[in-house]
Amino acid sequence: EQMKSAFLGMAAHELNTPLTTIIGYSELLTTEETAGNFSAEQQKEFLQLIHGKALSLGGLIDDLLDISRVESGRALSLNCQLFAFDESVRKVVSKCREEHPDHAFEADLSSSAPLHADQARLEQVVGQLIGNAVKYSPDGGCVRVSLSSSDDHYELIVEDEGIGMDDEQLAHVFDRFYRADSSDTAVQGVGLGIGVVRNLVLAQHGDIKVESRLGLGTLVRVILPATSPFDNDEASRPFSS
């Protein structure tokens, strides 16, 4: 209950932060007294900030909704189809390179076989894992992403050189509402990311493992079945978390 209370407070803060930016800049652009004070280039910059914060807000709300569905025993909706997983990973890595120029990114995407799964959900998984790697590498460093496949499974690995975790923190990494460091100086976030990733991987009959050493970094390994595990209606069934 204490962790849940702390989580609710942090979630409210994380929701309020981008909302404050959206309200502030939109007021500058729409208030008659201030709207004319900015050049077209400045107005475009403000709109880009608003758009970026809105996307951030939408992502957090999606995570909260996914956690709510799992908590209530409802299914995560999946839209499974054949797609090129390596191209999806490459697209996410490219976007992260643009968004985080202070970090180096290495990608070893040796698999080109198509995967039958939910493309959007797996791109969400890759983006969240890389986002975590960046977030917990505050001094920069390299983020390594690799994808390989065999006859029966795909293996995605995301590895960073960040702050890492000790054994106690690692033991709780998938716990709902758990934050290893809830102090004012902790890395910001609500602690939902890796839990949402786990739910999305389990929903597609995969597995996820985390290895970490304090001060040396973290490695996350995602295993997905190479052949479709779904029958005609299974993609909409609840799963055990």
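How many residues does helix α4 have, and how far does α4 reach from its first C-alpha to its last? Select residues 85–99: helix α4 has 15 residues and reaches 21 Å, close to the 21 Å expected at 1.5 Å a residue. (Helices are DSSP runs of H or I, at least four residues, and strands are runs of E, at least two, numbered from the N terminus; the expected span is 1.5 Å times one less than the number of residues.)

Before moving on, note that this is a predicted model, where local features need pLDDT of at least 70, side-chain atom pairs count only at pLDDT 80 or more, and totals for chains, interfaces and linings use all residues. Residues are numbered from 1 along each chain as its sequence is written, and side-chain values use heavy atoms, with hydrogens and water left out.

Next, pick Val89. Leaving aside neighbours within four places in sequence, Val89 is in contact (heavy atoms within 4.5 Å) with Leu109, Val126, Val145, Leu147 and Leu156.

Now go to Arg221. Arg221 forms a salt bridge (a side-chain nitrogen of Lys or Arg within 4 Å of a carboxyl oxygen of Asp or Glu) with Glu155, their closest N and O atoms being 3.3 Å apart. Arg221 sits in strand β7 (residues 217–225) and Glu155 in strand β5 (residues 153–159), so the pair ties together parts 66 residues apart in sequence. Show Glu211 too: Glu211 forms a salt bridge with Arg221, at 3.2 Å between the closest N and O atoms. Glu211 belongs to strand β6 (residues 207–213) and Arg221 to β7, so this pair ties together parts 10 residues apart in sequence.
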